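Thanks for coming, everyone. I'd like to walk you through one structure today, so let me put it on the screen.

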Amino acid sequence: MKNILLPLAALGLLLPLHAEDYKIPKKDPVFTLSFPDKWTVTHADESVDGVTEDKSIELYAQTDDADSIEDSVKAAIDYLTKAGVKIKADSQKEHNSEVHGMKLSGLNWDATDEDGACRVSLSFIDIGDDQAITLLYWGSEEASKKHSKELDSIIGSMKVVKAKAEKKDDKEEEKEDGDEKEEK
């Protein structure tokens, strides 16, 4: 038995350990996200913000209604400006891909912060029902490489959940379907 537990324990030490799944929003969550234990995490009612132990990367996540994406871009740029990040507007590039089978689109910029050159990424993940997950990230290229496994594990931990209102609708439809079958 000890021969099996020792390798399993060693394997556990090699994997990033996550403290908890953060529900966004806290009430009627739309998605969850986990951060490695060593990250400093601020979990507000509508968002979660994680910073690496060495403060070289920040990743912020929240939900948005599809109609407010333009407002989200403006709010993100305002947030970055207040945090001392200077975006080079002429460096803006669009990016598109998929995460967990969902469409991801966004903008990348070259920027500078108090530590020097950095990269900013603002991404929107379409989760349907006119909702999106907004991810705002910034950090240097060196920090991105250093923390790449942690960043991959954070994105890998993301799970979309149904809002309670949708679950109620589904249960009501199932009950109605059941009632119809009983009548026949």
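Let's start with confidence. Across the protein the pLDDT averages 81, and 76% of the residues score at least 70; pLDDT is the predictor's confidence in each residue, from 0 to 100. For residues 1–16 the pLDDT is below 50, and beyond near neighbours in sequence this stretch makes three contacts in the model, a contact being heavy atoms within 4.5 Å. Residues 163–168 also stay under 50, with four contacts beyond four places in sequence.

Some housekeeping. This is a predicted model, so local features need pLDDT of at least 70 and side-chain atom pairs count only at pLDDT 80 or more, while totals for chains, interfaces and linings use all residues. Residues are numbered from 1 along each chain as its sequence is written, and side-chain values use heavy atoms, with hydrogens and water left out.

Now, how many residues of strand β2 (residues 31–36) are buried? Six of the six, so β2 is largely enclosed by the rest of the structure. Buried means under 20% relative accessible area, exposed over 50%, and partly exposed in between, with a 1.4 Å probe and protein chains only. Strands are DSSP runs of E, at least two residues, and helices are runs of H or I, at least four, numbered from the N terminus. F31, L33 and F35 point one way from β2, while T32, S34 and P36 point the other way. β2 pairs with strand β11 (residues 159–160) in the antiparallel sense over two bridges; strands pair if DSSP finds at least two bridges between them. T32 has K159 as its bridge partner in β11.

Keep F35 in mind, as F35 turns up among the contacts of L59. L59 sits in strand β5 (residues 57–65) and is buried, at a relative accessible area of 5%. Leaving aside neighbours within four places in sequence, L59 also touches others, including W39, Y137 and I154. The C-alpha atoms of L59 and L135 are 6.9 Å apart, though 76 residues separate them along the chain.

I154 takes us to helix α4 (residues 148–157), where L151, S153, I154 and S157 are buried. Those four cover an arc of only 160° around the axis, which puts them on the same side of α4; the arc is that of the directions from the helix axis to the C-beta atoms. On the other side, K149 and D152 are exposed.

Last stop: strands β7 (residues 93–99) and β8 (residues 102–113) pair in the antiparallel sense over seven bridges. Two residues lie between the strands of this hairpin, and H100 takes a positive phi near 50°.
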